[in-house]
Structure formats: structure tokens, C-alpha cells
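Dear colleague,

I am passing on the structure we spoke about, together with some notes on what turned up in it. Please have it open while you read the rest of this message.

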Amino acid sequence: MEAAFLYDPANASLIAGLILLGLDIVVIGLSPVMFVAVGALLTSAVLYATGWRPPLVETAAIVAGASLLIAIVGRTPLQRFQNADIEEDKSSDLIGREVTTTHEVTKTRGVIFWSGVEWQARLAAESDIESLPPGARARVAAVENLALVLTPKLR
């Protein structure tokens with residue numbers, strides 16, 4: 001490969017895009033680097049198609065702009081794609097356990113002390129009451145993002 005080959009902005013952005021895309025796929029796995037890689041490949045395609053050969057600094061600016069535009073447009077679909085097959089683990093051994101509140105627990109926040117650890121807690125949204133006072137008994141209905149979702153234990 002001649003050194004002059006790399007001085008062509010279309011070739012340089014093509015090679016940079018392929019290297020970044022390979023790095024992202026093999027090492028990182030769908031990260032923001034992918035947006036830069038796709039921006040570089042898109043820039044290379046446009047430069048090849050139009051025959052325009054701007055200086056390398058302008059080519060880098062075009063790659064940056066294309067990458068930003070692709071990131072803005074592609075962020076939501078990519079997040080949807082990445083989260084498509086994730087299921088919440090509902091198999092926690094805490095579910096069904098009876099606990100005693102140590103602080104007030106409401107539908108939005110609270111803390112309980114169980115098994116030597118302070119846990120974030122909240123009342124289940126469908127609960128008939130708005131809060132549990134300290135010392136109240138409750139049952140763990142679910143674990144969501146390391147927070148215990150409680151239902152009041154009827155006496």
C-alpha cells in the first residue's frame with residue numbers, strides 16, 4: 001500500500017471506519033465508537049461517489065458531523081435493539097420474605113434493614129395504603145433494580 005493511498009481522504013476515512021467498526025464489534029460490542037465508524041464509512045462513500053477530495057482536517061470535521069447526526073438519529077433504535085431481549089430476573093430468594101420496616105416506607109422510597117444490610121424499599125404501586133411506619137411488617141413482592149417492593153402484611 002502506497003503512502004499516497006492514505007492521503008486520499010476517501011481512503012483514509014474508509015480505513016478508519018473499517019478499523020473502528022472492527023474494534024467496536026470484536027472488542028467493545030455496540031458502543032458509541034460504532035457511530036464514529038459508521039460516520040467515517042458514510043463520509044468515505046460520499047467522497048467516492050462525488051469525487052470531492054477535501055483536506056484531511058475538513059474530512060475529519062465531516063466525519064465528526066456525520067457521526068453526531070447518526071448518533072442523534074440512531075441512539076433510540078439502538079437502545080431498543082440492545083434492550084429487546086432483556087427480561088427482568090424475578091427469581092430472587094427475597095420474594096415472599098417477611099420483613100420489618102426500620103424507616104418509613106412510601107410508594108416512592110424507603111429503607112429497611114434486613115439480614116445486616118440496609119435495602120432501598122418502596123411500597124407496591126397497587127398497595128391500598130400510602131406509607132408504612134417504622135416497625136411495620138411487610139412482605140417482599142418483588143425486587144426491582146436492587147430495591148425491595150413491599151406489600152403490607154395484614155394482621
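Leaving aside the neighbours within four places in sequence, Ser44 is in contact with Ala10, Ser13 and Leu14. Please bear in mind that this is a predicted model, and that the values below are computed from it. The side chain of Ser44 reaches the backbone oxygen of Ala10 at 2.8 Å, and because its relative accessibility is 1%, below the 20% cut-off, Ser44 counts as buried.

Ser44 lies in helix α3, which runs over residues 33-50, and the buried residues of α3 are Met34, Phe35, Ala37, Gly39, Ala40, Thr43, Ser44 and Leu47. After α3 comes Gly51, which has a positive phi, near 80°.

Turning to the largest nonpolar core, it holds 14 residues, of which Val105, Ile112, Val140, Leu148 and Leu150 touch the most other members. At least two residues of this core come from each of β4 (117-123), β6 (137-144) and β7 (147-152). As general background, nonpolar side chains tend to be buried together in soluble globular proteins. For Val105, again leaving aside neighbours within four places in sequence, the contacts are Gly110, Val111, Ile112, Ala121, Arg122, Leu123, Glu130, Ser131, Leu132 and Leu150; among these, Ile112 and Leu150 were also named above for touching the most other members of the core.

With best regards

Methods:
Residues are numbered from 1 along each chain as its sequence is written. This is a predicted model: local features need pLDDT of at least 70, side-chain atom pairs count only at pLDDT 80 or more; totals for chains, interfaces and linings use all residues. Side-chain values use heavy atoms; hydrogens and water are left out. Helices (H or I, at least four residues) and strands (E, at least two) are DSSP runs, numbered from the N terminus. Buried means under 20% relative accessible area, exposed over 50%, partly exposed in between (1.4 Å probe, protein chains only). A polar contact is a pair of N or O atoms within 3.5 Å; within protein, one must be able to donate a hydrogen and the other to accept it, and residues adjacent in sequence count only if both atoms are side-chain atoms. Contact means heavy atoms within 4.5 Å. A nonpolar core is a set of buried Ala, Val, Leu, Ile, Met, Phe, Trp, Tyr and Cys residues joined through side-chain atoms within 4.5 Å.
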